[in-house]
Amino acid sequence: MRICPTCRTAYPARGRATCAKDGSRLVDEDEFARAAADPLLGATVGGRFRVRVRIGSGGMGTVYRAEQAGLERPVALKVLRSELISDRDTVARFHREAKAMSLLMHPNTVRVFDFGEDEAEGHLYLAMELLEGELLTSWIERDGAPRVSEAVHVVQEILRSLAEAHSKGIIHRDLKPDNIYLAHVEGQ
């Protein structure tokens, strides 16, 4: 069984990658249980980001839907795994990622709003714009191979984003469908 972490709707183990109701990425029962026990849910990180829902996790950290206090702006909050805080190389890489991303302003690149360390809890975090849409992986799993015209359009948008990064000396070393997010943008 796969479960939506946002609305808690259950789906069969095979089939959909995202929730039909809210578009959230579905997780298996074990990941759902881990997310439910997540101590950051409901917490405030960095004194200004109230964590609402766990969106997903990867090798370096966990991404949450959060709200920026004062502005009441929804954000995606990436928090470095606590067991990696003591690894100097990983922390340095997280800092480099945050600085590099903050230089990018292309509309096809996620915007960074803030970066820092929660002094009280020691969490390193990166606050980014919260996108509505789905991973390229989910789109392909759901619909199968895209038409050539669709694939060309997506690749052109990816290349536009990469061109800006390359013009600033930034190389994306982990380009894969799980790191491409197809966002719903007004007018597109």
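Let's start with L80, which touches M60, G61, I85, T90, V91, F94 and L124, leaving aside residues up to four places away in sequence. Touching here means heavy atoms within 4.5 Å. Keep in mind that this is a predicted model: local features need pLDDT of at least 70, side-chain atom pairs count only at pLDDT 80 or more, and totals for chains, interfaces and linings use all residues. Residues are numbered from 1 along each chain as its sequence is written, and side-chain values use heavy atoms, with hydrogens and water left out.

So where does L80 belong? In the largest nonpolar core, there are 13 residues, and L80, F94, M101, V112, L124, L126 and M128 touch the most other members. A nonpolar core is a set of buried Ala, Val, Leu, Ile, Met, Phe, Trp, Tyr and Cys residues joined through side-chain atoms within 4.5 Å; buried is under 20% relative accessible area, with a 1.4 Å probe and protein chains only. Strand 7, helix 2 and strand 9 each supply at least two residues of this core, and helix 2 gives the largest share, four residues. Helices (H or I, at least four residues) and strands (E, at least two) are DSSP runs, numbered from the N terminus. Apart from that core lies another one, of 11 residues, including V45, V51, L77 and Y125.

Six strands form an open sheet in the order 4-5-6-7-9-8, with antiparallel pairing. Strand 4 (44-45) and strand 8 (112-117) are at the edges with a single partner strand each, so one side of each has no neighbour in the sheet. Two strands pair if DSSP finds at least two bridges between them. Strand 7 (residues 73-80) and strand 9 (residues 124-129) pair over five bridges in the antiparallel sense, and V79 stands opposite Y125 in strand 9.

What about a second sheet? An open sheet of three strands has the order 2-1-3, and its pairing is antiparallel too. Here strand 2 (10-11) and strand 3 (27-28) stand at the edges, each with a single partner strand, so one side of each is left without a neighbour in the sheet. Strand 1 (residues 2-3) runs antiparallel to strand 3, joined to it by two bridges, and R2 stands opposite D28 in strand 3.

Definitions and conventions
Buried means under 20% relative accessible area, exposed over 50%, partly exposed in between (1.4 Å probe, protein chains only).
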